[in-house]
Amino acid sequence: MSIYMLCMANSYKCGGRCIAGIQLNKLHNGNFTIVKDSNTKRPKWVRPISHNDTGEIPNQEACRIPVLAVVEITNPQPQPSTSHSEDIYYEKLICIDDSFVKPTMATLDLLIDTQHKLIFGNRGKAVTPENFQLGDYSVMLVKAINAEIYLEEKFRKERVKFIHQETTYDFPITDPVFLNKIKSNPSLNKTYNVLYLVISLGVLHEGWHSKLVATIIEPM
């Protein structure tokens, strides 16, 4: 048995990678449609995880899966855990099409989360373990207008500041592709008219579950 997903994140996580995406339904003609949650009608996310304590995917396996690729997940076994409701064990991750989706605004607008006014339930940079236990989702795509990517001086880390549903957020970036681009071209630290951001809720670290920008997509 297999399910399919559109990979939306392949980001740094605990020495490996965090891979997450939106589940797809494969039609008889070979095309795909977006699977939506029957209750919220938002795109249905899945996050393949390993059997390690923090669930990271090994780098050598993750490196074959680019963002926006269609991925076959064989032998999926759901492992929901409160806010990390999207987690699934798997046998193999097979990239079957790495050019199926183009990052146009028209396409990406179909995938954004319009259901949640606050990102993971609050206006802060992280979630307490108690609120993590009460949550039921941990990954989403938002459309950020006038998003500012900048280098935070104290820890020398890139971050992105943006407004979502009238609230200003400021999160660290864990997108390896975008971080490598910035390393080669620091002028990418600037304000963008439109960016699409995959926001993920991390594992427990120093008493908090941090909110992270796992993917940055600049539309075509």
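Predicted model: local features only at pLDDT ≥ 70, side-chain atom pairs only at ≥ 80, totals over all residues.

Me: Which side chain of opposite charge is nearest to Glu152?

Reply: That's Arg159, 6.1 Å away. A salt bridge needs the charged atoms within 4 Å, and Glu152, though buried, has none. Setting aside neighbours within four places in sequence, Glu152 is in contact with Lys157 and Arg159.

Me: How should I read a nonpolar core?

Reply: In soluble globular proteins, nonpolar side chains tend to be buried together. Here the largest nonpolar core has 26 residues, and Ile149, Phe162, Leu197 and Ile199 have the most contacts inside it. Among the elements giving it two or more residues are strand 10, helix 4 (176-184) and strand 13 (191-205). Apart from this core lies another, of 22 residues, including Met8 and Val198.

Me: And what about aromatic rings?

Reply: A pair of rings is described by the distance of the centres and the angle of the planes. The count here comes to 6 aromatic pairs. Phe120 and Tyr137 make a tilted one, 5.1 Å centre to centre with 50 degrees between the planes.

Me: Why is the pair of Phe178 and Tyr192 edge-to-face?

Reply: Because their planes are at 65 degrees, with the centres 6.4 Å apart; edge-to-face means over 60. This pair links distant parts of the chain, with Phe178 in helix 4 and Tyr192 in strand 13, 14 residues apart. Phe178 counts as buried at 6% relative accessibility, and Tyr192 is buried too, at 2%.

Methods
Residues numbered from 1 in each chain as written. Heavy atoms only, no water. Buried < 20%, exposed > 50% of the residue type's maximum accessible area, 1.4 Å probe, protein only. Lys, Arg positive; Asp, Glu negative; His and termini not counted. Contact = heavy atoms within 4.5 Å. Core = buried A, V, L, I, M, F, W, Y, C linked by side-chain atoms within 4.5 Å. Helix = DSSP H or I, 4+ residues; strand = E, 2+ residues; numbered from the N terminus. Phe/Tyr/Trp six-rings, centres within 6.5 Å; stacked < 30°, edge-to-face > 60°.
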